[in-house]
Amino acid sequence: MAFFDLSLDQLRAYTPPRDEPADFDAFWRDTLADAERTPLDARFEPFDSGMRLVETFDVTFSGYGGQPIRGWLVLPRARSGPLPCVVEY
């Protein structure tokens, strides 16, 4: 059965068998601790997209090992308060 054929309750309770290496938890503990020590160094540079109703920013921040992660942040020009977010890879 495909996973999307399960009901929401069944998906929440689903626990497949896992075959993890012995150092799995240590790897993720160390990786996350390293990420917390790396400054985010987020930069938001305005970008003229030519659209009047949105503001666009070229965003760069530090990812794993300090490697730069790049993306676009597009916001409504007229906004107030929190906004929903869509992340697309």
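Biologist: What should I know about the model before we start?
Modeller: It is predicted, so local features need pLDDT of at least 70, side-chain atom pairs count only at pLDDT 80 or more, and totals for chains, interfaces and linings use all residues. Residues are numbered from 1 along each chain as its sequence is written, and side-chain values use heavy atoms, with hydrogens and water left out.

Biologist: How many salt bridges are in the whole structure?
Modeller: A search finds 6. A salt bridge here is a side-chain nitrogen of Lys or Arg within 4 Å of a carboxyl oxygen of Asp or Glu.

Biologist: Which residue pairs with Asp34?
Modeller: Arg37, with the closest N and O atoms 3.7 Å apart. Both lie in helix 2, 3 residues apart, about one turn of the helix. Helices are DSSP runs of H or I, at least four residues, and strands are runs of E, at least two, numbered from the N terminus.

Biologist: Is Arg37 buried or exposed?
Modeller: Exposed, at 61% relative accessibility. Asp34 is partly exposed, at 28%. Buried means under 20% relative accessible area, exposed over 50%, partly exposed in between (1.4 Å probe, protein chains only).

Biologist: And what does Arg18 meet in a salt bridge?
Modeller: Glu20, at 3.0 Å, N to O. Arg18 is exposed, at 66%, while Glu20 is partly exposed, at 33%.

Biologist: New topic. Where is Tyr64 found?
Modeller: In the loop between strand 2 (54-62) and strand 3 (68-76). Tyr64 counts as exposed because its relative accessibility is 60%. Tyr64 and Ala35 are 29 residues apart in sequence, but 6.4 Å apart in space, C-alpha to C-alpha.
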